[in-house]
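Here is a friendly tour of one protein model, written for someone meeting structures like this for the first time. Please keep the sequence and the 3D view open as you read.

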Amino acid sequence: MSFCFNFDLPAQTTDPGDVDGNELQHGNKDHAVVSVEDGPKPAQPVKEASEHFPPSDPQFLLMDAIFETVTVGTLPPLHFLNETVFEKTASEREDREKILSRTAEQKSDLISGVYEGGLKVWECTYDLLELIEKDGETFGGKAVLDLGCGAGLLGILALKRGASQVHFQDYNSTVIEQLTVPNVMLNCQEDDEVDSEDDKEGSGKGKMKEEDGSKKKAKGQKEITENNPPPKKRAIDLAQHSLLTRCHFYSGDWSTFLALVLKADPPPKYDLIFTSETIYNTAYYPALHETLRKLLAPDGLVYLATKSHYFGVGGGLHLFETFVEQRDVFSVDHLWDGEEGLQRHVVVLRFKKSKDA
């Protein structure tokens with residue numbers, strides 16, 4: 001799939017909470033010293049959070065769907081709507097936020113405070129998938145949050161590998177309704193069909209086949225394939241699918257999302273929080289940090305995939321690590337550091353242990 005590096009930023013950025021993930025991908029590391037505390041100031045009001053529910057009749061979301069499949073090593077195949085087709089059919093989709101038309105008109109991957117890049121699967125997401133495959137994480141019985149989810153691949157993987165609940169959050173409601181929810185449904189449907197498909201010679205959409213017919217790939221190898229829709233969709237109520245019932249979907253900026261989920265009784269605590277390419281703007285760090293602090297379980301882990309520096313926006317891993325260190329709540333450990341091309345990283349955050357413990 002192609003990656004474009006276009007974005008449209010005003011002189012001032014939006015509220016620190018106005019953010020969403022799987023976003024910007026641009027530039028090389030910038031060694032200039034920038035103060036996190038002196039970052040961009042809010043220029044627009046926060047975006048109110050909402051919970052979204054899958055439609056009772058989901059077939060129209062998947063009708064004539066053209067999707068891609070990513071396969072990483074031994075991980076189950078992950079299906080997501082084709083980006084190019086999605087863009088070309090924007091005029092046919094419900095879009096109360098008007099982000100589909102505006103991004104097309106401005107040829108921009110990000111319009112700060114309007115659209116935060118969730119319609120694309122950004123490069124660092126694949127880095128995190130490869131790390132998960134290498135470590136053999138199964139997610140059994142765990143509560144997972146895909147923060148800044150976009151297409152939702154990280155949360156979908158957790159769902160397919162035994163997570164007890166998976167919550168998806170994205171800044172834009174259009175992304176949740178038109179991309180995340182359909183992608184989850186697509187993967188639920190694939191799970192229903194996989195047994196019968198695997199019995200057929202040459203089956204396994206998006207899967208690599210070895211000569212003995214087993215569904216395996218070389219460790220760490222990634223493949224993305226395009227797929228035509230199956231000739232016949234199963235007439236099942238996907239809204240009642242056992243996997244889908246474990247999911248909740250939210251839109252809104254991080255500050256209002258946090259306020260919304262904390263109203264639950266009891267409020268959620270996540271064993272694992274995934275977030276990819278979400279630290280590109282230093283103005284968003286306070287809301288992100290507070291969300292992680294309030295929602296992570298005491299022994300939980302935050303997996304962050306990111307670039308060293310986001311040229312033209314100002315954020316990056318070094319500045320975020322400095323911000324986290326100043327707050328003295330989390331420790332940050334590097335799990336993987338890529339040296340080729342744009343420097344990319346996967347790090348893990350966990351609560352610091354009390355000195356009295």
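A salt bridge is a side-chain nitrogen of Lys or Arg within 4 Å of a carboxyl oxygen of Asp or Glu. By that rule, this protein has 9 salt bridges. The model is predicted, so local features need pLDDT of at least 70 and side-chain atom pairs count only at pLDDT 80 or more, while totals for chains, interfaces and linings use all residues. Residues are numbered from 1 along each chain as its sequence is written, and side-chain values use heavy atoms, with hydrogens and water left out.

**The overall picture**

- The protein contains 9 helices and 11 strands; helices (H or I, at least four residues) and strands (E, at least two) are DSSP runs, numbered from the N terminus.
- Of the 357 residues in the protein, 55% are buried. Buried means under 20% relative accessible area, exposed means over 50%, and partly exposed is in between (1.4 Å probe, protein chains only).
- Among the contacts in the protein with a separation of 6 or more, 77% are between residues 24 or more positions apart. A contact here means heavy atoms within 4.5 Å.

- Side chains of opposite charge can pair when their charged atoms come close.
- K307 and E277 are joined by a salt bridge, with 2.8 Å from N to O. This pair links distant parts of the chain, 30 residues apart: K307 belongs to strand β9 (residues 296-307), and E277 to the loop between β8 (270-276) and α8 (285-295).
- Are these two partners buried or exposed? K307 is buried, with a relative accessible area of 1%, and E277 is buried too, at 0% relative accessibility.
- E290 takes part in a salt bridge with R293, where the closest N and O atoms are 2.9 Å apart. Because E290 and R293 are 3 residues apart in helix α8, about one helical turn separates them.
- E290 also forms a salt bridge with K294, and there the closest N and O atoms are 3.1 Å apart. E290 and K294 both sit in helix α8, 4 residues apart, which is about one turn of the helix.
- Elsewhere, salt bridges that share partners join E123, D127 and R344 into one network.
- E290 is partly exposed at 26% relative accessibility. R293 is partly exposed with a relative accessible area of 34%, and K294 is partly exposed at 30% relative accessibility.

- S276 is found in strand β8, and it counts as buried at 1% relative accessibility.
- Which side chain does the side chain of S276 meet in a polar contact? The partner is the side chain of T125, at 3.1 Å. A polar contact is a pair of N or O atoms within 3.5 Å; within protein, one must be able to donate a hydrogen and the other to accept it, and residues adjacent in sequence count only if both atoms are side-chain atoms.

**Nonpolar cores**

- A nonpolar core is a set of buried Ala, Val, Leu, Ile, Met, Phe, Trp, Tyr and Cys residues joined through side-chain atoms within 4.5 Å.
- The largest nonpolar core has 54 residues, and L128, F139, V184 and F274 are those with the most contacts inside it. Helix α6 (residues 173-198) gives the largest share of this core, 8 residues.
- Leaving out residues up to four places away in sequence, the residues that F274 touches include L128, I132, F139 and Y303.
- Another core, of 35 residues, lies apart from the largest one, and L110, A143, F257 and A283 are among its residues.

- Which residues of helix α7 (residues 254-261) are buried? They are W254, T256, F257, L258 and V261.
- The cover over the buried residues of α7 includes β4 (143-147), β5 (165-170), β7 (247-251) and α8.
- Strand β5 is itself mostly covered, as 5 of its 6 residues are buried.
- β4 and β5 pair in the parallel sense over 5 bridges, and two strands pair if DSSP finds at least two bridges between them. A143 has Q165 in β5 as its bridge partner.

**Cysteines**

- How many disulfides are there? The count is 0, where a disulfide is a pair of cysteine sulfur atoms within 2.5 Å.
- For C188, the closest cysteine sulfur is in C247, 6.3 Å away, so the two are too far apart for a bond.
- C188 is buried, with a relative accessible area of 1%, and C124 is buried at 0% relative accessibility.
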